[in-house]
Amino acid sequence: MIICKVAGTVVATEKDPNLSGYKLLVVQPLGLDQAPEGATFLAVDQVDAGEGDTVLVSKEGGGARILLGRDRIPLQAVIVAVVDAIDLDSPSTDTAGKQA
Amino acid sequence: MNLARVIGTIWATQKDPGLVGLGMRIVQPLDFERNPIGAPEAAVDAVGAGPDELVITVGSREASLPFDVALLPVDLAIVGIVDRIDGDFAPPWRK
Amino acid sequence: MKLGRVVGTVWATRKVDSLTGLKLLIVRDLDLDHSFKSSFVVAADSVGAGVSEVVLYAGGSSARQTQVTTDRPVDAVIMAIVDRLDVSVSDGDGVESA
């Protein structure tokens, strides 16, 4: 999973029928220092996340299809958790990392 | 499937039960001119590959298919040892 | 699988039901000389890994192929704790090309 901040919402009336009923959010990947890192993308929200929330996004289509119970839903990324806290336990960790 | 060279071995006692008894190697992915491409990765060994051997790897979910285990969390496996490569893989613009 | 070091833990109360009970660890990618790469992931733990341990993690749909992650929406799972790692580099492999 990757750590992201919810940056916005996308409304699309015309979309694949399998996507109807899902909230699509724009997410921004974060570095370990919580700074934005890399390009934004879209994820389906499953935890009632809102703009500004730090979230975990699972980027694996097979797991997403199982979670949503739709075999033909055309998506790769799902918001699966709202992050309460991140413990970085190693004092030697430099925090400039970016996500894979 | 890709070409790689075995460059190391990994020992792990605490691991997923499906991995018990399986060898794990470090492989350097190669192109077909045997130039390294990308970073080395760990792979489970389905064929008994040794140090420095040129091997065939398969990635993703298919990496678990050579093994008779219901659940195996691996995303790279060694599935063949290369005897010989025929062909000319050098692109003309590099000659 | 990729080599990494566990550098932290993620806590999340509000999450999809199928993530309940999973430990989520932050794993920073390592080079073979154990130096940190810049990339990291959040991975589910299936082997009882702890902070500062060197681990292997599997990604993609393979991440769902453990007892604790099966059918759950995870895209990375820690599946081994590394005891030892030997790397050798040589010139030849003895394989001929035509």
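**Entry 1: chain B**

I began with chain B, where, among contacts between residues at least 6 apart in sequence, 52% join residues at least 24 apart; I count two residues as in contact if their C-beta atoms, placed from the backbone, lie within 7 Å. Before going further I noted that this is a predicted model, in which local features need pLDDT of at least 70 and side-chain atom pairs count only at pLDDT 80 or more, while totals for chains, interfaces and linings use all residues. Residues are numbered from 1 along each chain as its sequence is written, and chains are lettered from A and ligands numbered from 1 in the order in which they are written.

I looked up the elements of chain B and found 0 helices and 6 strands, where helices (H or I, at least four residues) and strands (E, at least two) are DSSP runs, numbered from the N terminus. Along the sequence the pattern of chain B is β-β-β-β-β-β. The C-alpha trace of chain B spans about 50 × 25 × 20 Å along its principal axes. Of the 95 residues in chain B, 39% are buried; for this I call a residue buried if 20 or more other C-beta atoms lie within 10 Å of its own, exposed if 12 or fewer, and partly exposed in between, with the C-beta atoms placed from the backbone.

**Entry 2: chain C**

I then turned to chain C, which has 0 helices and 7 strands, and whose elements run β-β-β-β-β-β-β from the N terminus on. The radius of gyration of chain C is 16 Å, well over the 13 Å that the globule rule gives for 98 residues, so chain C is more spread out than a compact globule; the radius is taken over C-alpha atoms, and the rule is 2.2 Å times the number of residues to the power 0.38. I noted a box of roughly 55 × 30 × 25 Å for the C-alpha atoms of chain C, taken along the principal axes. Buried residues make up 48% of the 98 residues in chain C, and, among its contacts between residues at least 6 apart in sequence, 52% join residues at least 24 apart.

Within chain C I followed strand S2 (residues 24–30), which is mostly covered, with 5 of its 7 residues buried. On one side I traced 5 bridges that join S1(C) to S2(C) in the antiparallel sense, two strands being paired if DSSP finds at least two bridges between them. In that pairing C:Thr9 stands opposite C:Leu25. S2(C) is also joined by 6 bridges to strand S3 (residues 36–45) of chain C, again running antiparallel, and here the bridge partner of C:Leu25 is C:Ala43. The hairpin of S2(C) and S3(C) has 5 residues between the strands, and in it C:His34 takes a positive phi near 70°.

**Entry 3: where chain B meets chain C**

I looked next at the contact between these two chains, which takes 36 residues from chain B and 36 residues from chain C. On the side of chain B that touches chain C, strand S1 (2–11), strand S3 (41–45) and strand S6 (84–85) each supply at least two residues, and S1(B) gives the most, with 6 residues. I sorted the residues of this side into 18 nonpolar, 7 polar and 11 charged, where Ala, Val, Leu, Ile, Met, Phe, Trp, Tyr, Cys and Pro count as nonpolar, Asp, Glu, Lys and Arg as charged, and the others, Gly among them, as polar. S1(B) pairs with strand S6 (residues 84–87) of chain C in the antiparallel sense over 4 bridges, and B:Ile10 stands opposite C:Leu85 in S6(C).

**Entry 4: where chain A meets chain C**

For the contact of chain A with chain C I noted 33 residues from chain A and 31 residues from chain C. The largest share of the side of chain A that touches chain C comes from H1(A), with 5 residues, and the residues of this side divide into 19 nonpolar, 8 polar and 6 charged. S6(A) and strand S1 (residues 2–11) of chain C pair in the antiparallel sense over 4 bridges, with C:Val10 as the bridge partner of A:Ile86.

**Entry 5: inside chain A**

Last, I checked pairings within chain A, where strand S2 (residues 24–29) and strand S3 (residues 41–45) pair in the antiparallel sense over 4 bridges, and A:Leu24 has A:Val44 as its bridge partner. S3(A) also pairs with S5(A), in the parallel sense over 2 bridges, and there A:Asp45 stands opposite A:Ile79.
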